[in-house]
Each structure stands twice: as structure tokens, then as C-alpha cells.
Number of protein chains: 2
Amino acid sequence: MAGIDLWYDFASTYSYLAVMRADPLAQKTGVALRWRPFLLGPIFKSHGMETSPFNLYPVKGRYSVRDLGRLAARQGLPKFLLPVPFPANSLLAARTAIALPDAARPEFSRAVYHAEFAEGRDISDRAVLGELLAMLGHDAEAVLARTGEQALKDKLRAETEEAARQGIFGAPSFVTRDGELFWGNDRFEQALEWARSLAQKS
Amino acid sequence: MAGIDLWYDFASTYSYLAVMRADPLAQKTGVALRWRPFLLGPIFKSHGMETSPFNLYPVKGRYSVRDLGRLAARQGLPKFLLPVPFPANSLLAARTAIALPDAARPEFSRAVYHAEFAEGRDISDRAVLGELLAMLGHDAEAVLARTGEQALKDKLRAETEEAARQGIFGAPSFVTRDGELFWGNDRFEQALEWARSLAQKS
């Protein structure tokens, strides 16, 4: 079966758009997704950028909010909101997503992004994440406790290092099984096509 | 009739992809295009960037060459080449495009981009531009002489200032008649849709 790794950062606006449409799109095209949260911050820093490109170039940042608003509307999502502060600190959300079983990760990820970009909430807040976990039927205290374990912290760090090794420099990114990299929500369809054509060859 | 301004810089890789498909796409959707070459360099500088984002972030630059290669292939264009030096100095090409009558600008622009990104030639070279002009049936010497006139230099400077005023920070960009800005080859279709829906309302 065709497959793709979906790399996303919870602070990333265009990851939001990709994550919200990922499951229907993957099902429609018959491609299996692996959901891989990671942290873009350390990768930006390694390229000499201290904050989001949104903040580095205000004219581009303002345009992007408009672009995201238009795209969210086309996707049938609620009015797009930029949370304060922006970008959010996505560390705890990423650790929480990794602490969950694989099967629970997509639903939790959508809930985090909805809280962040449709409700403007601060996803670095432990209470916000606890509320989302409880809403989805998880034992919030137990899951959040796991985010403090060294093994789990190491796992997220290893994922981020793996992303950098694969040439990832932005989010969302899609990587097919032959290592082909596609960057950005705009390339999701093309990545799925690539994955399918790869599966047909093998 | 629906209309769009197509803003492009001759040094811009993704402008190449947009320009090569602009006329068929506009005809198919019934949207009139105004071809507006400008210079991205002064706009980048005003944002504190001294060179192309390609060169500032090498990992991103390498990815972009791969992305451009894939997109060129999908569009049926020749193998994508990055010219040396990159980015090209696009000043003379932009002045030449502006020196031509409006009706001759699209064909000349396609010829410049083909020389640059399909043949890897240096489009800052007066001889290269002269050859393209002659090939298209223009009086190359007369057109190139006009690029030295103050009025023409001022016209290009005014166009670049106008682009900045409209919030443009990258190329290609598309602006509809209500001032809505769309950035990037990936937004061409969406800009055309916007233009059509605007024309239907009026």
C-alpha cells in the first residue's frame, strides 16, 4: 500500500490546514499516513532564524494571515485566528501527541489545531491540553505525566533530528517511502500522487 | 471582463512557471492579464534581505530546485536549470520588456525565461537579450537603445514602487481589480477565480 510520512509542528499555520484535511484526502487516494509531530524551532535556529518567518518579515506575515483566512474558508474551516502569542510554544503539545498511542494521534492533533487557530487559545498551556485530552476520553493526568519522562522527551528530540536529516526545513512536509520530500500544504496532493505511483511500480 | 495584474521578476524561478502557463490559463478562464515586470531586489532590500531566500537558506534552496524540476516536468517544460550566476540581474531584461509595446511583452517574457531556466543563459547579457529580440522580429538595437532613456528607467522604478505599495513582497504575484493580492505560482488559479467572481458581482 502507498504511504506517506506527514511531518507537522503544532505552531505551524499551514500544518493546521494540512492536518485538518489529511484523513479524508488520504482515504480518498488510498494512501496510508504516518503522523509525525516534530519541532521546527531547533531547525529554524540551525539555519540562523530566531523566530517565525511571519515575524521576521511583517509584510509577508500580514499577507499570510489573509492567505490562511482565504484557504480556511475554501476548506470549510471556521474563521482563521492567529493565536497570541504567535508562534505558540509547541513543545508540550508535541510531547503529548507522542505520548498517545498512534491511533489516537490524528484526532488529538486536530483538536489542538482547532483550539489554536479557530479559537485562538494558547496550546502551550497544560490546562488547555488537559481539557482537550479529557474531551477525547483520555486520562489527561496520566498522559500529561508521561510528557515529563526522559524517554519521551528523547523520542521527540530524535524525531526532530530525523526530520532535519531528511532535509526538512518547514512544515508541513511530506516524505514518500523513497525519501522524496514535498514541502507545504500546497504540495499535499502531489506527494500523494508520488506515493501512489511509487506503490504501483513496486 | 475579469482582469488580473500579473507581477513578475525575470530573476524569479516561480515567476517562470507562472509566465509559461499564463496565457492558456487566462484564455481558458476568460480573464484579461496585464503583464507587469518589476524588480524584487529593491523590495527584498527594504525588508533587510540582501540576496535571494534561495541563497540565504541553502537547504531550502536545494529543495526548491527539486520542487521546480518536478513542477516544470508536470507542466511539460524542458528540464529546469538554475542559471549561473543565480539569481540573475534582471534589470536590463525588465527595462527591455517595458520598452516593448504591451502586445509584444508576453512573447518576449517567455523567451527570456526560456533562455534563463531551460538553457541556463545569463539574461543580464545585452547580447543574449539582443538575440532574443531579433529572433522575435524586433529591431534589437532600437529597443535596447530605449532601455538607456531616463523616462524608461523611471517607468520601471515607478512600477516597482507601485508593487511595494500594493503589498507585494515576492514574485509572481497576482492582484485583482479590488486590490486582492495572491502570491506565488500556486495561487494563480485562485486569483483567476477571485477575478471571475468579482466580475460576476459587478
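User: Which residues does A:Phe10 touch, and how do I read a contact?

Analyst: Contact here means heavy atoms within 4.5 Å. Leaving out residues up to four places away in sequence, A:Phe10 touches A:Pro37, A:Ser90, A:Ala93, A:Ala94, A:Ala97, A:Ser109, A:Val112, A:Tyr113, A:Glu116, A:Phe117 and A:Ile123. Keep in mind that this is a predicted model, where local features need pLDDT of at least 70, side-chain atom pairs count only at pLDDT 80 or more, and totals for chains, interfaces and linings use all residues. Side-chain values use heavy atoms, without hydrogens or water.

User: Which residues touch the most other members of the largest nonpolar core?

Analyst: A nonpolar core is a set of buried Ala, Val, Leu, Ile, Met, Phe, Trp, Tyr and Cys residues joined through side-chain atoms within 4.5 Å; buried means under 20% relative accessible area (1.4 Å probe, protein chains only). Of the 138 residues in the largest one, A:Phe10 and B:Phe10 touch the most other members.

User: How do strands pair, and how many bridges join S1(A) to S2(A)?

Analyst: Strands of a sheet pair through backbone hydrogen bonds, either parallel or antiparallel. Strands are DSSP runs of E, at least two residues, and helices are runs of H or I, at least four; two strands pair if DSSP finds at least two bridges between them. Strand S1 (residues 2-8) of chain A runs parallel to S2(A), with seven bridges, and A:Leu6 sits opposite A:Trp35.

User: Why is S2(A) largely enclosed?

Analyst: Five of the seven residues of S2(A) (residues 31-37) are buried, so the rest of the structure largely encloses this strand.

Technical notes:
Residues are numbered from 1 along each chain as its sequence is written. Chains are lettered from A and ligands numbered from 1 in the order in which they are written. Buried means under 20% relative accessible area, exposed over 50%, partly exposed in between (1.4 Å probe, protein chains only).
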